[in-house]
Amino acid sequence: MQLKIIAHDGRGRLGWDLAVLSAAVVAAIHTPLSLVFGSANEAAFRSTDAAVSAVFFLDILLNFNTSYAEKRKPIADRKLIAARYLRGSFWIDLLAALPFAVFDAVGAPLLRLTRILKVFGSLRVLGRIRRLGTNPSLLRMATMVFWLILAAHLIACGFLYIGGVSTEGGPGIAYLRALYWTVTTVATIGYGDITPDRNNPVQLIYTIVTELIGVGMFGFIIGNISTMIANLDLAKTQHRAKIEEISAYLKERAIPRELRKRISDYYDYLWESRRGQGENSILGELPLSLKTQVSMFLNKDIIEKVPLFKGASPLLIEDIVTNLRAVVYLPGDSIVRKGELGEDMFFISQGSVHVVSEDGKTVYATLGAGSFFGEMALILSSPRTATIVAVDYCDLYTLRKAAFERILKRYPDFAESIRRMAEERRKENEERG
Ligand code: CMP
């Protein structure tokens, strides 16, 4: 009977890989202990050995029956799978799976430690969980702590193995003594209450090596923790760096304080409303089809808000949405000025604007979310008929003249609605005189 090929990215395989990882962690703790205390607790150590060995052998069997991805394409051909596995981690997996009895039979029980190699391969499964949305920095931190604990465990068992501490009081307390020695030595605390035998060269050399490892580890931990903390919120860190760079530049060029304040307000708003990223820059790199889908999703609110789009054909909506550009205005900003030439029309997503006279003294109308403006200059080919001032923070979408004209040509019903609105506004202004 042949197994069916298992999908390398399926849930079943993920579950199994997590089980293998657990077995590997158990093995990494169990194997060095078996070397130190094995003879005293023969039965218990043998049964764990057998269980771990069984899991690892089953894993080898499943690996020969699991597809793999090449350039994101799944490969399910048994010959190719086997060839790849044999070239890769098969031999390590095999060494790790061998029961202790094999190494003992050839008189090299220390080789049992090869089982620990399995941890390296099995840790890769965490990368797959990462894609499921776990915070990568936290995961890295957890992996690092795991390695530190494992290293301390190995060093402590090594120290026990070479007789560095007395076994008086039983294996439990002896192990704790060795671990205590390891941590004080590696952390460069060195109380010196448990020390190597001064006449035992093996213990002396072991201690020297442990001290050197300790110094290295210290640097490694400090370096890692500081980058991890900086990376915990990468977006925020980058945003802050960008703002610092910009404000240094603005100061250097002696930009007035008031203007600098507005710029910093703008970035604060960008951070609060969209984690610091203008959609335009984020979306810029995406291929067209993905870009359309993201824009459709992001601009869903504007599509729902603008009454003009109610019942419009999906094609028209897609056409408009993919041509919209998000822009932000701060309270008091003039968005368009009366008499200027018009190049865009605007849809309001958030915030409100005043339609005012040229001197800004008379407010003709207030437009809120879902309204649009700036269409008259484009339709009537005239200068802007009024000034528009942002009342509060405004999230707007602009549509360039060329796209606007193309869309009007293509969708006559939509063109008609906009024309009607422009005509109404024109009449209203005319009556006002
Ligand atoms: P446009 O002339 O391109 O630029 C100014 C905009 O103000 C204009 O397009 C309209 O969209 C808008 N507008 C002008 N008059 C009114 C009004 N009376 N009520 C609402 N909006 C107006």
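I began with the shell around the ligand and sorted it by class, which gave eight nonpolar, three polar and five charged residues. The model I am reading is a predicted one, and I keep that in mind for every entry below.

I then listed who stands around the ligand: 16 residues surround it, and the closest are Gly374, Glu375, Ala377, Arg384 and Thr385. Looking up which helices take part, I found that α17 (375–380) and α19 (412–432) each supply at least two residues of this shell, and that α19 gives the most, with four residues.

For Glu375 I noted a polar side-chain atom 2.6 Å from a ligand oxygen. For Ala377 I noted a polar backbone atom 2.9 Å from an oxygen atom of the ligand, and for Met376 a polar backbone atom at 3.4 Å from a ligand oxygen. I also looked up the ligand's area: taken alone the ligand exposes 460 Å², and the protein buries 98% of that.

Turning to the backbone, I looked for positive phi in residues other than glycine. Arg72 has a phi near 70°, and its place is in the loop between β1 (68–70) and β2 (73–75).

Note on methods:
Residues are numbered from 1 along each chain as its sequence is written. This is a predicted model: local features need pLDDT of at least 70, side-chain atom pairs count only at pLDDT 80 or more; totals for chains, interfaces and linings use all residues. Side-chain values use heavy atoms; hydrogens and water are left out. A residue is near a molecule or strand if one of its heavy atoms lies within 4 Å of it. A polar contact is a pair of N or O atoms within 3.5 Å; within protein, one must be able to donate a hydrogen and the other to accept it, and residues adjacent in sequence count only if both atoms are side-chain atoms. Accessible areas come from the Shrake-Rupley method with a 1.4 Å probe; for residues, only the protein chains shown count as cover. Ala, Val, Leu, Ile, Met, Phe, Trp, Tyr, Cys and Pro count as nonpolar, Asp, Glu, Lys and Arg as charged, and the others, Gly among them, as polar.
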